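Biologist: Hi, I'm new to this one. Could you walk me through it?
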Amino acid sequence: MTKGAFAAATAVTGPDGGVWRAAVPPGWDIAGNTNGGVLLAIAARAMTATAGRPDPVTVTAHFLAPGRPGPVEVAAAVVKSGRRFSTATAVLSDGARPLLSALGTFGELDDAGAVLVDGGPPDLPPPEACVPVVATDTFPPPFMGQVELRLHPEDAFMAGEGSGRPLVRGWFRLLDGEPVDTVGLLLASDAFPPTIFNARLPVAWTPTLELTVHVRARPAPGWLACRYATRFVTGGFLEEDGEIWDADGRLVAQSRQLALVPRQDPGT
């Protein structure tokens, strides 16, 4: 069976002495740096294989340096293996320096257990009525040509619209009908433009320091409805709280990201 573009871009081989190898292809970048969700997905592929569990349940990643297209390696190890879950660590590097350090718990997700949901998917127009994000060489970045992203018209700041609130809602899916697996949810959690761009603040980029994703279920085929919101931009940092809902209206992942708000040059 032919792999989809995302599966191919995040595939790992090995292990060789506990080290997995991958190659980040070009085109998955933002301003020349590989999207953080791609790096996290590569690390997660190595961690699931090392742990012998198919699904990430919770993964926390600290981003140490920007990544670029080319070979990378992942040193992964199991910290603890239990009856239902295994916990693993990983350090992804480009051969010269570490780019990402991750800790995660892995298992096999199912629909068993009690359900109490105090909330619902974001209120979105259908995908065809939303604003597509089209990749360019600058902004929107080349990465957007690797996924399908459609923003709520109120949040389409790059088209001259935007609500002025640090809120971004929209639809996500992979290209050519490639299904989103639970590792793909890690990518979706870092695929949308930063919320602060919709707040009309003078910020050109917000590098991620830490990203935590809680995966709740394997998503049904189809578009994913996503919502990302920020409440506090203080002390040079901001948080982004995310929700991802599948085509059946189920919450399949939540995320929280801590990002840096670069200091403004006082002379400008």
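This is a predicted model: local features need pLDDT of at least 70, side-chain atom pairs count only at pLDDT 80 or more; totals for chains, interfaces and linings use all residues.

Biologist: Where is V117 found?
Modeller: V117 is in the loop between β8 (98-107) and β9 (131-132). Its C-alpha atom is separated by 16 Å from that of G242, and these two residues are 125 residues apart along the chain.

Biologist: Okay, new topic. How many aromatic pairs does a search of the whole structure find?
Modeller: The search turns up 6 aromatic pairs. One of them is F6 with W28: the ring centres are 6.4 Å apart and the planes sit at 50°, so that pair is tilted.

Biologist: Which parts does the pair of F6 and W28 tie together?
Modeller: F6 belongs to helix α1 (residues 5-9), while W28 is in the loop between β2 (19-24) and β3 (29-30), so the pair links parts that are 22 residues apart in sequence.

Biologist: And is F6 buried or exposed?
Modeller: F6 counts as buried, at 1% relative accessibility. W28 is buried as well, with a relative accessible area of 3%. Together with F143, F6 and W28 form one aromatic cluster.

Biologist: What about F192 and Y228, how far apart are their ring centres?
Modeller: Those centres are 5.2 Å apart and the planes are at 40°, so this pair is tilted. F192 is in the loop between α3 (182-188) and β12 (208-215), and Y228 is in strand β13 (residues 224-229), so the pair ties together parts 36 residues apart in sequence. Both residues are buried.

Biologist: Which residues is T230 in contact with, leaving aside neighbours within four places in sequence?
Modeller: P166, T195, L238, E239 and E240.

Biologist: Now the backbone. Which residues does a cis peptide bond join?
Modeller: One joins G14 and P15, with omega about 5°, and P15 is in strand β1 (residues 13-16). Another joins F139 and P140, with omega about -5°; P140 is in the loop between β9 and β10 (147-151).

Biologist: Why mention those at all?
Modeller: Because most peptide bonds are trans. In the same way, most residues other than glycine have a negative phi.

Biologist: What is the phi of A31, then?
Modeller: A31 has a positive phi of about 55°, although it is not a glycine. A31 lies in the loop between β3 and β4 and counts as exposed at 69% relative accessibility.

Biologist: And what is phi of D176 near?
Modeller: Near 55°, which is a positive value in a residue other than glycine. D176 is in the loop between β11 (167-174) and α3, and D176 is exposed, with a relative accessible area of 80%.

Notes:
Residues are numbered from 1 along each chain as its sequence is written. Side-chain values use heavy atoms; hydrogens and water are left out. Rings of Phe, Tyr and Trp (its six-membered ring) pair if their centres lie within 6.5 Å; planes under 30 degrees apart count as stacked, over 60 as edge-to-face and the rest as tilted. Helices (H or I, at least four residues) and strands (E, at least two) are DSSP runs, numbered from the N terminus. Buried means under 20% relative accessible area, exposed over 50%, partly exposed in between (1.4 Å probe, protein chains only). Contact means heavy atoms within 4.5 Å.
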